[in-house]
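Take a look at the structure below. The report that follows goes through it part by part.

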Amino acid sequence: MSPTTLKNCGRCGLCLSACPVYKVLKEEHASPRARLKLIQAYKTKTLPTSPVLQELVSKCLMCGRCAAMCPSGINHYGKFMEMRREMAEAHGDKVEIRSLVFMLAREYRLRAAAGVARIGRGLLPSSFQKKSRLGNIPLDRFPELPKTSFRESLPEEIPPVRAERGAVVYFTGCATNFLFSDTGNATVRVLTAMGYRVRIPKGQTCCALPMLFHGAADQAGNSIQANIRALGGAEGDPILVDCATCGTALKKEYRLLCDTLHLDPEAVEGIAARVSHITPFVLEHLDELEFPDTAKSLKVTSHTPCHRKHGFGGEDMVAQLLKQTPGVDYRPAPDAEECCGGGGTFFYEYPEISKKMVDKKVASAQATGADIWVTDCPVCRINLAGNLEGESPMRVIHPLELLAIQLGRP
Amino acid sequence: MDTVGKDRSLYRTEELSCYAYDAFVAESMPDLVLFPKTTEEVSAIMKTASRHKVPITGRGAGTSICGAPVPVKHGVVVCFSKMDSILEVNTRDRYAIVQPGVVNGDLQRALAPFGFFYPPDPGSMEVSTIGGNVALNAGGLRCLKYGVTADYVLGMEVVLASGKVVRFGSRNVKDVTGYRLSGLFCGSEGTLGLMTEVILKVVPLPETTRTLMVTFNHLDDTAKSVSDIIGSGILPTAMELLDKMTMNAIEDSANLGLPRDAAGSLLIEVDGIKEACERETEKIIRKVRDNHAADIQVAETKPEQDRLWTARRSAYGVFAKLAPDIVTEDVTVPVSKVPEMVRAIEAIAKRHDLTMGVLAHAGDGNMHPLVPADRKDVDHWGRVELAFKEIFEAAAALGGTLSGEHGIGIAKSPYLDLFMSRDSIEFMSVIKKAVDPDNLLNPGKFA
């Protein structure tokens, strides 16, 4: 018998019940089982490469739910990633996706693009912004771009505001750096209030996972090397991430790419061991925070990103954090763990499927009566906030921003 | 294609190849896949197919493990997955009316708020559709007490081979108006017509459940316990047997603290009114003690019950990870013959040098030998096929049946004559010829 690493899909079909895309479309050809079958047919040369094949393989959120529940233990995620790369090489990708990859590959390009986008939005009449959509989201519901990127706005090292307990390294990711500086500022506020010295290495750049999803392994290689240099190897303070996708890259994906991209395995393992997600870290040290008696009373619900649970791994601890945060009335939504349909660029490429998923999420979050919806994934955040009804008073923020609000001004 | 429109038709090879399989190993490509949403569309498809003599194979979620929805004669696959509305839930009259594409688990979630449920619970229930469940007459874990799919089908709407739409049965539990034709369609595997609506009986959720895990040092003691418990007037919802090989394989990978030396263990669950459950649990404990139980654990709370169920639930995954492929069987024997059948299976496995674990729904004699296999290894695969043939023969000798709940499809059709006389098979083909003279409905099955 062949060794157990050569596992075949038993075609039991249980992954269909986990797949958010299948649940909306009810089409076998949009299921994880079918994607595995198509990849197998392509590998054994019974099916030639084609744009149709590329579309079927890419109509996927890369949420990892299928792999997490597969009784045969198949790594769908890795197989899909490899196939997406081969298909992108053979057939290219949409122009918009190619330019995204182009920008993510170089920090200065992203900075320039953010500037252009900000000016562009300033010039567009708001009536146009209301009517136009990008994917399933109206343009005027995209986040406002800050003038300076988060990392430019702060020194590389920020001292604690009370007796020092230790130091941490903060990997901000592109979203916090270019879109959600509020998340970055809140994270620094909370960590320094706890007594941590926060180092934000200037050399860090995109985690490279979005490029890998779109099959751009070479461009990804440069960013990964830059991050390894910026973060150091096995020695050093804990590395904290505020985005589950970046965390998955640092903790899991780099390790799988050691051979392909000639990475230093020792440094990669070292970084993986140092990486923690910010939410469990803060929860563990919550008693080091002093909340003022004047903490507001807020009704809060939450959304668990797929990459938090099925990529990064472990409980997201957001529920526990909310239960222990002073002034928070936590109101869980029954479908808090369901996928929102964001999926990197999925909401842009397949807006109709994505819209069905996010509308359900919005309805049940609003039914909880919460004022604030927390999630620790920037794409989920854009997607959820972008699909709230025009007049909805609900705000979507990172859990650390909620903590910062309750801490009040320093 | 015109009947359902382009966006619900598939004709490109890449897409068609995703409808060539189910959970069985064989594959066969359809020429076209259509997703109807209404009875009228199904009828129109069937009329066209009948005019042009094109084979039609129905499909739900494709989780069958006997090849039932594999279009062996090609033609059109009619996929019911998008015909998925729950049309009516009526708990006062204790029925629900559903379209065939409704997922079993979704129906359960729709019934739960009313305090009701639909008992058949195949392992695939979170994916598989009611249409597929009815076409394969699916079973499940709780069948021992509650019965199988056929026991819950009150009536249905069917599109015949001609395209004509007919209704059988009604909303009434008691109904002897005419032949019980909806019963005939249960397990017909899409060879007699295409179901477009099903009326199902639903029942109130039990007040409480109790779960017991009992281990034994001798296989005969497990079987004796099963028949003693049932003989004493208790009807548990489930009585699951795990043999020594299965428990050891689970222990190797999951380390749940299962006894490695025990010959077998029984997972027993009772449900109903709280007081009755308590009395039944006490009685079960007495019975298994009389039969030399080595260890007894009782769970009252949900987390404890889940812990006891973990071993049973993880069995398939554990065996699936042992080799590239996994094959499972479902011969069924009278309850009293279970130990004999387990021993026969173990002897056959040994003779062909195969790893084989035995799971069984011991309360109803439904055996599930699990075989880690490798279909690319010609010698090994040959031994697996030979072993299964011998298992079927052993089951036949014990007065058993070829399939308890998985169906015949293409997986088991070669062995039909081990269990049915030529005249009985002939009677089936008389019916088939009468309702589908051109052999258009799922051709190549039961034959």
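## The core

The largest nonpolar core has 242 residues, and Leu250(A), Val78(B), Leu200(B) and Val338(B) touch the most other members. Such a core is a set of buried Ala, Val, Leu, Ile, Met, Phe, Trp, Tyr and Cys residues joined through C-beta atoms within 7 Å. Buried means that 20 or more other C-beta atoms lie within 10 Å of the residue's own, with C-beta atoms placed from the backbone.

This is a predicted model: local features need pLDDT of at least 70, side-chain atom pairs count only at pLDDT 80 or more, and totals for chains, interfaces and linings use all residues. Residues are numbered from 1 along each chain as its sequence is written, while chains are lettered from A and ligands numbered from 1 in the order in which they are written.

## Where the chains meet

The contact takes 28 residues from chain A and 33 residues from chain B. Two residues are in contact if their C-beta atoms, placed from the backbone, lie within 7 Å. On the side of chain A that touches chain B, α3(A) gives the most, with four residues. Helices are DSSP runs (H or I, at least four residues), numbered from the N terminus, and strands are runs of E, at least two.

## Helix α14 of chain A

Helix α14(A) covers residues 217-231. Its buried residues are Ala220(A), Ser223(A), Ile224(A), Asn227(A) and Leu231(A). They lie on the same side of α14(A), because they cover an arc of only 105° around the axis. That arc is taken from the directions from the helix axis to the C-beta atoms.

These buried residues pack against several elements of chain A, including β4 (166-171) and α15 (244-256). Just after α14(A), Gly232(A) takes a positive phi of about 80°.

Note on methods
A residue is buried if 20 or more other C-beta atoms lie within 10 Å of its own, exposed if 12 or fewer, and partly exposed in between; C-beta atoms are placed from the backbone. The expected span of a helix is 1.5 Å times one less than its number of residues.
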